[in-house]
Amino acid sequence: MAWNTGKSILGTGTGTKDDAEREADAIFTAAFIGMTLFQNAKRKGLTWRVDMEPNTDPVGPKMPDRNARTADDRRSMKTLNDVCSKVNQVVRTKLNVDAGGVTWGLTPTFDRGGMICAGEGAKGEYTQVNPAYAKTAYVYLTAPQQTSNNKQRAQEMYIGRGAYCGLVIDKDGNAVAAMSTICTALNEHTAGVGNRWRPAADAAVRTAQYGVGGAGDATWGIIGNVALQTILQQQGMRFFPQRNGAPIPLNKTTDVVGYTHGMIRCIYETVRIGQGTAFEMSIGTDTFKLASCLSCSSFMMANGVDASSSHLGRGESWAPYYSAESHNPCHVPDKVAIATAIAQCNAKYAEFMHKCLTDGAQAMNASLTWVENNRKPALAALLEKLKTSTAVNTVARDLYLDAMTYHKNDAQRLNDALVYGAGARRFCNETYDWIQNRPTDERTKGTWETWVNPLTDEQVKALHTAPASLVNKYMIKVWSPNRDDSCALEYSLLNAEGKEAQKGKLSQGANEKNGPVEISVGTAEFTVAATGNVEKWKIKFAGGRDYASIKLNQNTAVGFGDRYSYKITKA
């Protein structure tokens, strides 16, 4: 199917950046209202709650102290409180009752090893988890445990911005899988991708999102900019599709980029194995929310496992799986093939998004004075487009995914799309405090007026400090005064128990200068448990008959006629 290559998702206006933004806002808002209606029905009229994380930004020029964090929190709280009033007006008008809708609260307090749970069963299981084990898992997943390869964290988790690691716990309580966020390049030939939006090369929205200098190079949907994609790989994110074990370069003329989060990958895995529960842990030193993004939450709702906490943050270019290539299954055998699991989960998600967008857009249309004037054309276009949507196609799902490629804070999308209009229902005003569930006045202040950020500067600094590694990393360096020698020597390491722990071949490096002499160099890295003693290990190089004990920081001759020298140092 040929993709939509217009300048905006729904084709309103003249294709300006503002047109594209308003359309994305309208689509997201309709989806969120639909999810709220779904949750209200599921809870038999009770409100649904979304959460906000207090500011944990690093102490620095942009956020110098606790007072600055408090001011930022208060702004966010007022936005979220206004969102609740506006959404509740739309929802309660749709239901014709002064009950239901959405409230807001605070995310669970971050603790290393704390987890987001998928479904009530997972919540119960999490109460049985030993906190000490969970903290150890956090350190293992965050700290480098293995040597790097091609400037990537080898076989490890993504630990950068928005780093969430999905975990699968089997029916016996064993952690059997760990999966972090991956990046996938999608195009018109990707199976099951549907009809997506890839803005025209000259679309104003590209320049707005990636800047004048970056728009021409950026593949639509990438987070940040082109340079950041290399950093994401260095932080452990895997890119797909791949060829011969390496990512196929992004194609800005054919591709749209999507990011699949760890929790979602683990939900597919629980369907594949037919058992277990999915969890998600914030890892790294940049992400501390114990709450699922709204996009992950929507997928979880569709598949019958609500998130233990949901937040209105940023789900930039969020996407489901389309291919089994990027899946790394655990040892538990198939209940169904992973391709079947993907098809089943995605079908439920498409059906769910059809209902949410249809219900939400109709509810907005019934409260039109509460829809921001400039977004009314986008709503009208959305309603028209949804006439082609059914429970068994992907029209609504794809519209939502397209909206997420326009990067913007989710709470701000809602607050921009809705306004205070005529005929306000009970409590749907600018002064009602939805976290405290009470009116405010001059004597009773709103939470957004009295709140103080709970974290000291020292606590924030501690959050952004990497945990001590469970391993120590060491560097082997071999050199020869003969610049024509190859130092790509094979080597073998024995651990303290006398068992072979690692073998391989040194990487031939560029020649180095040692005074007037040019020398040939080879290097390799290896790791030893932090509790271990590397000087109880032994090493042997190709051509040598015996293993030699490791002596740190000591030059040692090796090879026929002492042709080579080597030194082992802590990296």
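What follows is a working chat about a predicted model.

Me: What should I keep in mind about the model and the numbering?
Reply: The model is predicted, so local features need pLDDT of at least 70 and side-chain atom pairs count only at pLDDT 80 or more, while totals for chains, interfaces and linings use all residues. Residues are numbered from 1 along each chain as its sequence is written, and side-chain values use heavy atoms, with hydrogens and water left out.

Me: Backbone then. Is the peptide bond from Phe-240 to Pro-241 cis or trans?
Reply: That bond, Phe-240 to Pro-241, is cis, with omega near 0 degrees. Most peptide bonds are trans.

Me: Where is Pro-241 found?
Reply: Pro-241 is in the loop between strand 7 (238–240) and strand 8 (242–243). Helices (H or I, at least four residues) and strands (E, at least two) are DSSP runs, numbered from the N terminus.

Me: What is the phi of Lys-44?
Reply: Lys-44 has a positive phi of about 55 degrees and is not a glycine. Most residues other than glycine have a negative phi. Lys-44 sits in the loop between helix 1 (17–42) and strand 1 (48–52).

Me: Lys-44, buried or exposed?
Reply: Lys-44 is exposed, at a relative accessible area of 76%. The cut-offs are under 20% relative accessible area for buried, over 50% for exposed, and partly exposed in between (1.4 Å probe, protein chains only).

Me: And what about phi of Phe-427?
Reply: Phe-427 also has a positive phi, near 75 degrees. Its place is the loop between helix 12 (410–417) and helix 13 (447–450), and Phe-427 is partly exposed, with a relative accessible area of 25%.

Me: How many bridges join strand 6 to strand 7?
Reply: Three bridges join strand 6 (residues 182–186) to strand 7, and the two run parallel. Ile-182 stands opposite Arg-238 in strand 7.

Me: On to charges. How many salt bridges does the structure hold?
Reply: The structure holds 25 salt bridges. Each is a side-chain nitrogen of Lys or Arg within 4 Å of a carboxyl oxygen of Asp or Glu.

Me: Which residue does Glu-316 bridge to?
Reply: Glu-316 forms a salt bridge with Arg-314, the closest N and O atoms being 2.8 Å apart. Glu-316 is buried at 9% relative accessible area, whereas Arg-314 is partly exposed at 38%.

Me: How are Asp-359 and Lys-355 placed in helix 9?
Reply: Asp-359 and Lys-355 are four residues apart in helix 9 (residues 338–366), so about one helical turn separates them. Their side chains meet in a salt bridge (2.9 Å, N to O). Asp-359 is buried at 18% relative accessible area, and Lys-355 is partly exposed at 48%.

Me: What about Lys-387?
Reply: Lys-387 forms a salt bridge with Glu-384, with the closest N and O atoms 3.0 Å apart. Lys-387 is exposed at 62% relative accessible area, and Glu-384 is partly exposed at 47%.

Me: Which residues do salt bridges with shared partners join into one network?
Reply: They join Lys-17, Asp-18, Glu-21, Asp-25, Glu-372, Arg-375, Lys-408 and Asp-416.

Me: Last topic. Where is Gln-89, and what is it in contact with?
Reply: Gln-89 is in helix 2 (residues 66–95) and is buried, with a relative accessible area of 3%. Leaving aside neighbours within four places in sequence, Gln-89 is in contact with Ser-367, Trp-370, Ala-422, Gly-423, Ala-424, Arg-425 and Cys-428.

Technical notes. Two strands pair if DSSP finds at least two bridges between them. Contact means heavy atoms within 4.5 Å.
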